[in-house]
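This briefing sets out the architecture, interfaces, cores and charged pairs of the structure shown below. It is arranged by topic for reading alongside the coordinates.

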Amino acid sequence: MNEKHTISCLVENHFGVLARISGLISARGFNIDSLTVSATEDPTVSRMTIVVDADAVKLEQVKNQLNRLIDVIEVQELKEGQFLDRELLLARVQVNSKGRGAVEELLKRFGGRIADANDHWVAVEATGGTKQLDQLIEQLRPYGITKLVRTGRVALEK
Amino acid sequence: MTTKMKGAQILVECLKREGVDVVFGIPGGANLPTFDALYKSDIRVILTVHEQGAAHMADGYARATGKVGVCVATSGPGATNLVTGIANAYMDSIPIVALTGQVRTSVIGNDAFQEADTVGVTRPVTKHSYLVKDVRDMARAVREAFYIARTGRPGPVLIDLPVDSTVNETEFVYPEQVNIRGYRVQAAPPIQTAQVQAAAEAIKRSTKPVIYVGAGVIHSGAAAELMQLARTLRAPVTTSLLGLGSFPETDPLSLGMLGMHGFEYTNLAVAECDVLIGIGARFDDRVTGKPDEFAKKAKKIHIDVDPSSINKTVVVDYPIVGDVKDVLCLLLSMVKPLDTDAWLKRLQTMKEQAPLTYREKDRILPQYIIQQVSEATKGNAIIATGVGQHQMWTAQYYQFNRPRTLVTSGGLGTMGFGLPAAIGAQFGCPKDTVWDIDGDGSFMMTAQELATAAKHRLPVKVAIMNNQFHGMVRQWQDQFYEGRYASSELNPVNFVKLAEAYGCVGIRVERKADVRPAIEQAQSVKDRPTVIDFLVEQKEDCWPMIAPGKPHFQMLGTYEMLSKDGGVAQRRRATPDEESKLSLG
Ligand SMILES: Cc1ncc(C[n+]2csc(CCOP(=O)(O)OP(=O)(O)O)c2C)c(N)n1
């Protein structure tokens with residue numbers, strides 16, 4: 001059965017590493033839900049957080065294959081409940097100044113805010129766990145979302 | 001003040017320290033500095049005709065010697081011509097280092113003349129690669145590349161060298177230590193003794209064990225330990241194609257090769273065994289047939305250096321990750337002799353009831369020729385092959401007795417591998433007799449390397465099983481496509497004239513009586529290559545064979561079928577299910 005899995009990798013911080021990893025995952029026919037690369041406390045090392053859709057056997061294979069890459073220093077699967085995860089969402093919602101209040105109320109409940117606005121739309125900003133942001137999007141939808149981006153998950157072991 | 005050196009010079013210094021004595025390749029604009037530095041050194045540089053030849057030579061050299069093979073090509077087309085050879089080495093875990101020229105760093109990405117993204121193109125078929133953008137990284141890159149190529153599960157490593165990295169100067173500091181934090185070989189967890197113990201317990205309860213061996217035993221240099229294990233357990237040993245040579249086929253415990261074109265009794269033995277000890281083998285689909293039917297009655301043990309090859313096609317009961325030799329030493333300390341008399345007797349009967357055999361035809365049969373080469377060389381020659389029927393017949397009928405004597409493309413199945421690989425092997429092992437047993441189709445893909453062999457007066461011997469067909473394709477077309485020969489017929493070629501044109505000895509053989517004398521004649525030629533053009537039976541089929549998508553114990557063209565209907569296994573159309581699974585390799 002396919003499920004979403006979060007893999008956290010420490011990798012060498014030099015060119016070509018991202019291509020190696022994404023190439024490996026796509027060559028095995030996995031779908032990457034999201035992939036983020038970021039700096040860590042050590043400038044020679046980056047952290048990649050990869051969310052893939054896979055069954056248990058395939059997941060084990062991906063982890064083994066990732067481990068085989070010389071540029072990958074450490075591979076860890078983050079299990080449900082053992083990590084904090086966040087992503088950032090930016091969206092443009094079609095409300096004029098009249099409708100803005102309701103959106104603002106909604107955002108307050110999700111810990112988000114309005115980052116930019118004009119007569120035709122507002123740009124909203126929110127961070128949170130994946131599910132939380134999914135919910136926020138559902139509730140914003142009736143107002144008319146015209147553009148949306150999410151960063152993908154970053155995660156930290158608890 | 002220490003003197004500065006050019007990048008190319010540093011490269012050559014590092015190659016010397018790795019013990020490199022020969023490199024294969026072709027120069028061009030982007031790697032002239034490298035060739036110039038090599039020219040001034042005492043490393044032998046073998047100019048090949050085609051870069052694919054260079055990569056296969058490095059590969060053949062590595063397979064025969066166990067050392068890292070090196071090939072060199074220029075940027076763009078030189079590098080892309082290497083790709084087949086690199087992919088071939090990757091699939092069979094062969095340690096080679098490919099040095100490719102690259103355009104200057106400042107113009108990379110500009111579609112400069114002869115620019116190709118070599119690192120990008122080769123990424124899926126290399127164990128690792130380097131793009132040396134700064135001459136100060138040269139020494140470390142070369143040192144690490146060789147280390148990575150030969151350790152752990154070996155494989156090809158590519159170093160892409162922009163011109164400036166080879167002409168700029170820096171101080172040469174040789175990195176004595178290699179420290180690659182992401183490389184699992186260095187950070188490998190110790191062997192799990194408990195896991196080995198559990199496997200040993202399973203072995204102790206076995207009365208019908210089979211040891212199944214792959215190339216990992218050869219890479220790890222564990223043939224002696226394997227022999228000891230087989231002797232101790234009194235367990236029969238079967239090998240994959242690439243495992244041939246790890247266990248002498250003349251030994252009474254040898255079951256020979258298993259798998260698609262393996263022996264019938266061997267596949268039956270695997271189907272019946274109660275414990276299967278897989279060592280340095282990867283349960284390849286050519287071995288297992290339908291994976292969930294493979295060795296169904298057996299507890300399966302899998303010893304391999306590469307965790308990613310465990311549970312990949314077949315789920316096993318006792319996975320053990322570690323260097324094959326180390327694990328075998330540990331296992332040997334835990335096992336005791338088994339009572340396998342009844343089992344060995346049963347296998348002997350099976351072998352007698354279903355021997356590997358063929359029926360005489362009007363023309364010479366390749367099987368007979370290969371048996372003769374085997375006898376004439378006493379199973380001690382290094383044998384390279386192309387890909388096709390002749391390759392499978394070589395695996396079946398040549399009796400391999402020592403490791404590193406079969407040089408064949410297993411994983412990628414690369415036609416054209418035979419001749420250049422034989423040349424590489426001969427450079428690495430000048431005292432050995434080296435044969436290339438080839439098909440006419442495969443041979444023609446890289447035949448031009450006869451020029452390379454002739455130039456260096458190599459006594460390589462080529463035996464062409466000339467059936468004027470892509471024989472293996474023709475066999476499948478007869479078997480599954482009602483004999484429609486779509487693009488499998490080859491034009492007749494006079495290989496004697498071809499050989500002579502290159503300065504080699506050419507011999508034509510059309511009669512059975514002339515087979516052995518021709519082989520002996522070739523063996524006596526010491527100062528140039530010999531090509532024997534054997535005009536063989538055109539439509540001989542290679543049996544037995546596991547039908548596509550079928551379990552490994554259901555073989556076509558078995559002894560029983562052969563004796564019943566005179567050599568032709570029942571011809572039938574492939575079912576749609578089989579058709580979707582048809583893949584020749
Ligand atoms: C480079 C490459 N192209 C195509 C194939 C597909 N293929 C597999 S066997 C074969 C025919 C081989 O013919 P030949 O070398 O004459 O050997 P034979 O089977 O006749 O012994 C072909 C075309 C391949 N393995 N490699």
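Predicted model: local features only at pLDDT ≥ 70, side-chain atom pairs only at ≥ 80, totals over all residues.

Which domains does the domain assignment of chain A give? The assignment divides chain A into domain 1 (3–78) and domain 2 (84–157).

**Architecture of chain A**

- Chain A contains four helices and nine strands, which follow one another along the sequence in the pattern β-α-β-β-α-β-β-α-β-β-α-β-β.
- Taken along the principal axes, the C-alpha atoms of chain A fill a box of roughly 55 × 40 × 30 Å.
- Chain A has 158 residues, of which 43% count as buried.
- Considering contacts in chain A between residues at least 6 apart in sequence, 73% join residues at least 24 apart.

**Domain 1 and domain 2 of chain A**

- The centres of domain 1 of chain A and domain 2 of chain A, taken over C-alpha atoms, are separated by 28 Å.
- Seven residues from domain 1 of chain A and six residues from domain 2 of chain A take part in the contact.
- About 590 Å² is buried between domain 1 of chain A and domain 2 of chain A, and carbon and sulfur atoms give 55% of that area.
- On the side of domain 1 of chain A, the residues that lose the most area to domain 2 of chain A are Thr36(A), Thr49(A) and Leu78(A), together 50% of what that side buries.
- Across this interface of domain 1 of chain A and domain 2 of chain A there are four residue pairs in polar contact, with both residues at pLDDT 80 or more, and zero salt bridges.
- Strand E2 (31–39), strand E3 (45–54) and E4 of chain A each supply at least two residues of the side of domain 1 of chain A that touches domain 2 of chain A.

**Interface of chain A and chain B**

- Chain A and chain B each bring 19 residues to the contact.
- Between them, chain A and chain B bury about 1,600 Å², with 47% of it on carbon and sulfur atoms.
- Arg20(A), Arg68(A) and Ile70(A) account for 44% of the area that chain A buries against chain B, more than any other three residues.
- Three salt bridges are counted between chain A and chain B.
- Arg68(A) forms a salt bridge with Asp306(B), in which the closest N and O atoms are 3.4 Å apart.
- Six residue pairs are in polar contact across the interface of chain A and chain B, both residues being at pLDDT 80 or more.
- Helix H1 (17–27), helix H2 (56–68) and strand E4 (72–78) of chain A are the elements that give two or more residues to the side of chain A that touches chain B.
- H2(A) gives the most to that side of chain A, with five residues.

**Nonpolar cores of chain B**

- The largest nonpolar core has 47 residues, and Phe24(B), Ile423(B) and Phe443(B) are those with the most contacts inside it.
- Helix H3 (residues 51–65) of chain B contributes the largest share of this core, seven residues.
- Both domain 1 (3–172) and domain 3 (366–535) of chain B give residues to this core, so it lies between them.
- Apart from this core lies another, of 44 residues, including Ile369(B), Tyr397(B), Met472(B) and Val525(B).
- Beyond residues up to four places away in sequence, the residues that Phe24(B) touches include Ile46(B), Met57(B), Tyr61(B), Val72(B) and Phe427(B).

**Selected salt bridges**

- Over all chains, the whole structure has 41 salt bridges.
- In helix H1 (residues 7–17) of chain B, Lys16(B) and Glu13(B) are three residues apart, about one turn of the helix, and form a salt bridge with the closest N and O atoms 3.4 Å apart.
- Glu13(B) also forms a salt bridge with Arg17(B), the closest N and O atoms being 4.0 Å apart.
- Lys16(B) counts as partly exposed at 36% relative accessibility, as does Glu13(B) at 23%.
- Asp21(B) and Lys67(B) meet through their side chains in a salt bridge (3.7 Å, N to O); the pair links distant parts of the chain, 46 residues apart.
- In chain A, a network of salt bridges links Lys4(A), Asp33(A) and Asp53(A).

Key:
Residues numbered from 1 in each chain as written. Chains lettered and ligands numbered in written order. Heavy atoms only, no water. Core = buried A, V, L, I, M, F, W, Y, C linked by side-chain atoms within 4.5 Å. Buried < 20%, exposed > 50% of the residue type's maximum accessible area, 1.4 Å probe, protein only. Domains from an automatic or database assignment. Contact = heavy atoms within 4.5 Å. Buried area = accessible area lost by both parts, 1.4 Å probe. Polar contact = N/O pair within 3.5 Å; in protein donor to acceptor, adjacent residues only side chain to side chain.
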